Structures are given as C-alpha cells and as structure tokens.
Amino acid sequence: MLLVVEQFLNGLQFGLLLFLLAAGLTLVFGIMDLVNLAHGSLYMMGAYFAATFAAWTGSFLLGALMALGATLVLGIVLEVTALRHLYGRDHLDHVLATFGLILFFNEAVRLIWGPAGLALPLPAWLTVPVPILPGIHYPAYRLAIIVVALLVALLLYLGVMRTRIGMLIRAGASNREMIGALGINIKLLYTLVFGLGAALAGLAGLMQAPILTVQIGMGENILILAFVIIVIGGIGSIRGAFLAAIFVGMIDTLGRAFLPNLLRQVLSGAAASTAAPALSSMLIYLLMAIVLVVRPEGLFPANRR
Amino acid sequence: MKAFTVSKAVTVLLLAGLVLLPLYSQLSGNIFILTLFTRIIILALAAASLNLIMGFGGMMSFGHAAYLGIGGYAVGMLAQEGIGSGFIQFPVALAASAIYALVIGALSLRTRGVYFIMITLAFAQMAYYVASGLARYGGDDGLTIYKRSDFSGLIDLGNRVQFYYLCLACLFGVIFLIWRIVNSRFGLVLQGLRSNEQRMQAIGFPAKRYQLVCFVISGTMCGLAGALLANNTDFISPAVMYWTRSGDLMVMVILGGMGTLFGPVMGAVVFLLLEELLSQITEYWALIMGPLLLLIVLFGRGGIMGALGRAGRG
C-alpha cells in the first residue's frame, strides 16, 4: 500500500515535470511551427544555472529564481540570434539546426563546468518527510514539485485562455498572417513565447536537479519523452500535453516500479530481471506507437489550420 | 553527352580518390587513413540508403540508425553462437532489417510530417532499449565480435585493403541500385508522391504501398551498412542505434544534398572528415561543429551539391 501510494505520487510528480517541458515545446511548435530539439538543452542549462547560482548565493530559492531568469534570457537570445531565421522553413531544417545547437550546448557546458556532473543540495526544510496519509510520509521536496508544477499549469491555462497576451498567442497559432495584418507585433510575440517556453524548460530542469545529478546530456532523454508527450497529446494542444504528460509519467514510473515483480510471476528470475528494465523503458514508445496508429494526429489534435 | 558541370567534376574526383585511396595508404604507410575511410564509406552507404526515402521518397525517417544496429547485431549474435559464415550472417542481417522496416513502415506510414519523424524515432528508441536488454549479448556494454564474417576464402575481411574494397563495392552497388530505382517507373511514382500525394492518389496510385516498398528497400540497404560496420569495429553495442546517430545520418544527407545521387557520399566524407579534423585541433570540436550545422541550414540550401551546382552556373 505504502509503495503503491508513493510510486503513484512519484509518477504524478514526474508527469508534471514532463508537462513543464512539453508545454514549452508544444507552444513553440503550435505557434511558431518550429521543431526545437534544443529544448532539452534549455532544460539542462536551467539545472546548471541553478546549481551554480545556488552555490554562489548560498540560497536554494534565490539560486532557482536567478536560474529561471537566466534561462528566460538565454531563450530570448537564442530566438533572436538563431531560431527566428528558421520560421517558415522546412521541419527538416529545424531538426538539423537545433541538432547542431544540442552539440554546441553540450560542448559549451563541458567547457565551462567540466565533464563531471554537479550536485544541487536541498535546503534542510525541503528534505523532511511530510505525512500525507496516516502512516504514509512523502518527501517535502517532491510534494513541492507537484504543487509548483500544478500552479504553473494553472497559471499557464489562465494566461493562455483568459488574458490579452494569451488571446494573441492563440490567434497567432491559428493564423499568423492575419494577426500580423491587424497590427500586432508578431515578431515580439514569438520571442515572448519562445522565452516563456525556455523558462518553463529551465524550471523543469532546476526542479529535477536535486533529484538527479546535473550532468551533460541530461536534457536529451527527457526531450525525447517530451516529444513523445506532445505527439501523443496532439501537437500544439496544451490540454493534450497535460494529460499525456501525466499519463506518460505514471506509466514510466509505475512500469519501472512494478514490472520487474510482475514479470517474475511469468518468467524465471534471471530472465525477468534482465527483460524488465528494457521493457519498462520501451513501454512509453509502445504507447506512442499505439496512439499514433489509432489516432495519427494524437489524442487531442489542436484546432486545424 | 551532357554538359560538363562543376558538381560532376567534383564527384568524379571524389570517387577516383576513394578508389585510389588504398594505393596512397600503401605508399605512404598511413594505415589510419584507410581505417578512417572504411568507416566513412560504410556510413556513406547508410546515408545513401536514408537519402532514398528522405530525398526521393519524402519520408523523413529519424530512426535510421536502428538498421545499423539490427544489421550489426545479426552479425554479432550469429558470430557469438558460432555461426561465422558471411554467407549466412549477411543474408540474415539484410532479412532482419527488411522485416523490421516492413513492420515499422506499415505502422509509421499511417502518419505524416512531424508525426512521421517522431514515430520512426520512437521505434528506433524501442530497438535501442531491446538491444540494451539483451543480457546474453552484452546488454548495455555491447558485444565484441572475435571473428569477422568468413566468406570461405572468397574475400578476407581481416585484410584491410580487401575489406575496404568490399565496402566500396557495396557503396557503388547501392548507389547504382538507387539510380536505377529512382529512374524507373517505380521511382517516378515515388517522386510524384513526394511532390503531391493527393494528386497521385487521385490518379490511382496506391501511395502507401509504393512508399512502404521504398521504405523496406532503404532499410535493407542500411542493414547491409550495419553488418559491414560491425565487421569494421569488431564490436556492436546499443550506442550504434542511439537517436543522435540517426541525427548524424540525417546531417550527412542534408549536408551533401538531399535527393542527389552522390550527395550523401559527399556529406558523409565532409562530415566525418570535419569531425576528425576538428577533434584533432580541439577536444571541444562540437563547439564548432554545432554552429556550423546551424549556418549550413541557414545559408547553404541544397547542401554541398546545391552549392556546387550554383558554382557551376557561375
């Protein structure tokens, strides 16, 4: 029981984290029609910034806030110098150019921070276990991730659906020429959206940093997961990304936790313990393949153009 | 006789250079260059196979490295089980790649555009994790192949020069095949589908069937590259199938010029030589390589072949 609740929460937490990453990706994709493989690099940079600033200021929160600002600025710089010129080009060009950016960022990090990973230690008040149900404790930090991510999701929803900027963003997604003709500075809007996506990725990175080590290439595996999510959810749909992210987070976490035992029921011990990790890593891709075969445009396709 | 062009001249020079390379290596005693170029030729073969579906078929596969792994693992696993004959290993490698391509192609071709890019990527990642789970064959750490494929005295893969020429012959064979395919009725239908699928379907061509056949041919060719690659490195590991390797192959195709016959060869040679050169200059070669790719995308439309074509027109 304890294990089930704990893994369930872990799945939720991982799913929400994935949502932060996928939200930026799907916004950029849905609105600018840009495939950004370097999104995972922004996630990595968020983590590195946080580890550096936290060590520098001596405060986790202050470091996290500064890292958030730094990724936002980095995203804007990236958009203005490089990615802006890719809008309207072939998707293949996007894949290639941002693939180059991944190489660049990984190498730059190796140059600046060295090949060894960094650690981002948590302040004491975030490490205490919190009782959530009678007899069941859960780490405060993971709970904090869940709360922050849910809050951000809510803000994002309200921001996109209820504010003027959000209205412009949605309008830009459905018809970019028209909104430009109506006198909206579409370039600025795009830069803003990209910066927002970068900050979300940075937030995901810096929140994940204390749980995993901060290392080169940390953004790549999770980027693929984020892509799987937006493809399952339907490209450009934030609602789809949210549901798919929770779903994928759950499947991944629960699969890793319980699949080995399940397999042991049917297979011999040795075979099960070798097959289980591979199988649980595959589960998500299997899910995506099934979804795409049944619904080639994802579960919640964004409004057609 | 068609007119002389710069791109043709450069292509001929490149091919002549590839043919004469072992001679240079023997004369100068530079063995490293032969090893390097064997690898380049094998990856050029893989890039050429990717170009068939990407450049001519309009199918953007982001999971082509999976075939490198499948072909390689076919060789490695059979060698591990004591079946060393190349006459068994290579056909098995090709067949396994073809079957994999058939299955994932049938599923992936239901989608299009970015979804197609992503689903091929997902399948390749699945293959990657399957390979990581093969505990009997080394799992994550990979599998050392102690004996290269044995062609019972016909050709000795242990001999560097013979192996080099085998790879080169395979590359030329595949390019010849692609040339024939592209200019056949089948190839013309395929290129028609690339430019306007709806219209082709309206004329009455079963689009998916044509694309699937092309997908399988391409996968099989890349499986051949995988079998050669495993023989070249005497080693096969899941890393061969990792998604960045698929990205490398895409880069080679686009760098060289998508949809041209010799573009992928050019791309592979330039990309891998650049990688080699930059890594000799600085440990942080990717720091230069990354922005270079960005610049190529931004300013170099049509890749090297495109640039040569423009140079030819003056």
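Predicted model: local features only at pLDDT ≥ 70, side-chain atom pairs only at ≥ 80, totals over all residues.
## A hairpin in chain A

Two strands pair if DSSP finds at least two bridges between them. Strand β1 (residues 129-133) and strand β2 (residues 136-139) of chain A run antiparallel and are joined by 4 bridges. At one place along this pairing, A:Leu133 has A:Ile136 in β2(A) as its bridge partner. At another, A:Pro129 stands opposite A:Pro139 in β2(A).

What lies between the two strands of this hairpin? There are 2 residues between β1(A) and β2(A), and A:Gly135 in the turn has a positive phi of about 85°.

A:Asp33 belongs to the loop between α1 (2-32) and α2 (39-57) of chain A. A:Asp33 is partly exposed, because 19 other C-beta atoms lie within 10 Å, and a residue needs 20 or more to be buried.

In chain B, B:Asp234 is a residue other than glycine with a positive phi, near 55°. B:Asp234 sits in the loop between α9 (207-233) and β2 (235-236) of chain B. Since B:Asp234 has 15 C-beta neighbours inside 10 Å, B:Asp234 counts as partly exposed.

## Annotated segments of chain A

An unreviewed UniProt entry annotates residues 12-35, 64-83, 140-160, 188-211 and 269-294 of chain A as "transmembrane region". How does the model look over two of these? Over residues 12-35 of chain A, the chain is 88% helix and 0% strand, with the end C-alpha atoms 26 Å apart. Over residues 188-211 of chain A, the chain is likewise 88% helix and 0% strand, while the end C-alpha atoms there are 36 Å apart.

A:Thr191 falls in helix α8 (residues 186-208) of chain A. Is A:Thr191 buried or partly exposed? A:Thr191 counts as partly exposed because it has 19 C-beta neighbours inside 10 Å. Not counting residues up to four places away in sequence, A:Thr191 touches A:Ile76, A:Glu79 and A:Val80. The C-alpha atoms of A:Thr191 and A:Leu96, 95 residues apart along the chain, are separated by 21 Å.

## The nonpolar core

The largest nonpolar core has 208 residues. Which of these residues touch the most other members? They are A:Leu18, A:Ala22, A:Ala50, A:Ala226, A:Val228, A:Ile229 and B:Ala44.

Leaving aside neighbours within four places in sequence, A:Ala50 is in contact with A:Gly63, A:Ala64, A:Ala67, A:Leu120, A:Leu206 and A:Ala209.

## Chain B as a whole

Chain B has 13 helices and 2 strands. Its C-alpha atoms fill a box of roughly 55 × 45 × 40 Å, taken along the principal axes. Does the radius of gyration of chain B agree or disagree with a compact globule? With 314 residues, a compact globule would have a radius of gyration near 20 Å, so the 19 Å of chain B agrees.

Buried residues make up 49% of the 314 residues in chain B. Of the contacts in chain B with a separation of 6 or more, 78% are between residues 24 or more positions apart.

## A buried valine in chain B

B:Val265 gives a local view of chain B. B:Val265 has its place in helix α11 (residues 263-281) of chain B, and B:Val265 is buried because 27 other C-beta atoms lie within 10 Å.

Leaving aside neighbours within four places in sequence, B:Val265 is in contact with B:Leu14, B:Ala44, B:Ala48 and B:Gly256. B:Val265 and B:Ile41 are 224 residues apart along the chain, yet their C-alpha atoms are separated by 7.6 Å.

## Where the two chains meet

At the interface, 34 residues of chain B are in contact with 38 residues of chain A. Which element gives the most? That is α5(B), with 12 residues. By class, this side of chain B has 26 nonpolar, 7 polar and 1 charged residues.

How values were computed:
Residues numbered from 1 in each chain as written. Chains lettered and ligands numbered in written order. Contact = placed C-beta atoms within 7 Å. Nonpolar A, V, L, I, M, F, W, Y, C, P; charged D, E, K, R; others polar. UniProt positions renumbered as here; feature names shortened; annotations may be inferred. Core = buried A, V, L, I, M, F, W, Y, C linked by C-beta atoms within 7 Å. Buried ≥ 20, exposed ≤ 12 C-beta atoms within 10 Å, placed from the backbone. Rg over C-alpha atoms; globule rule 2.2 N^0.38 Å.
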